[in-house]
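Subject: Structure handover

Hello,

Here is the structure we talked about. My notes follow below it.

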Amino acid sequence: MFVISLLVKNEFGVMQRVMGEFTRNKINVETIVVGKCEKQGRSRMVLSVIDEGEANLVMGRLQKLQDVYECDLVPESGQSAYALLSTSNGNVGVVGGSDQVEELIERSKPEKYVKALNAL
């Protein structure tokens with residue numbers, strides 16, 4: 001999995017313009033996390049794709065967008081994962097390394113879950 005971290009304008013339409021680059025290049029986004037960050041008026045967007053070539057292709061295109069201030073490919077050592085699992089006792093949040101989270105999902109076999117990669 002290849003993780004792309006973007007620092008973008010925090011305004012209406014930016015997500016659509018970013019995702020448009022993936023759509024135009026027929027690249028599937030596996031996970032996406034977006035939220036306000038430490039810089040006022042900006043958001044951090046973290047996306048993951050399966051193929052390294054696709055990640056490099058779309059990064060070149062994203063760097064040209066006016067709404068994108070920074071675009072980085074995050075090394076595996078800088079990645080973390082989280083999951084929200086639905087259990088008989090309610091929802092449980094799990095955070096850790098990608099392998100750790102994957103192992104916990106495999107062991108617990110939840111009825112429903114969502115897993116995302118993240119990086120700063």
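First, a term: a polar contact is a pair of N or O atoms within 3.5 Å; within protein, one must be able to donate a hydrogen and the other to accept it, and residues adjacent in sequence count only if both atoms are side-chain atoms. The model is predicted, so local features need pLDDT of at least 70 and side-chain atom pairs pLDDT 80 or more, while totals for chains, interfaces and linings use all residues. Residues are numbered from 1 along each chain as its sequence is written, and side-chain values use heavy atoms, leaving out hydrogens and water.

Threonine 31. The side chains of threonine 31 and serine 48 make a polar contact (2.5 Å). Threonine 31 sits in strand E2 (residues 31–36); strands are DSSP runs of E, at least two residues, and helices runs of H or I, at least four, numbered from the N terminus. Its relative accessible area is 12%, so threonine 31 is buried (under 20%, 1.4 Å probe, protein chains only).

Helix H1. H1 spans residues 14–24, and its buried residues are Val14, Val18, Gly20, Glu21 and Phe22. They pack against E1, E3, H2 and E4. Lysine 26 follows H1, with a positive phi near 55°.

Cores. A nonpolar core is a set of buried Ala, Val, Leu, Ile, Met, Phe, Trp, Tyr and Cys residues joined through side-chain atoms within 4.5 Å. The largest has 18 residues. E1, H1, E3, H2 and E4 each give it two or more. H2 gives the most, four residues. Another core, of 11 residues, lies apart from it and includes Val46 and Ile105.

Best wishes

Key:
Buried < 20%, exposed > 50% of the residue type's maximum accessible area, 1.4 Å probe, protein only. Contact = heavy atoms within 4.5 Å.
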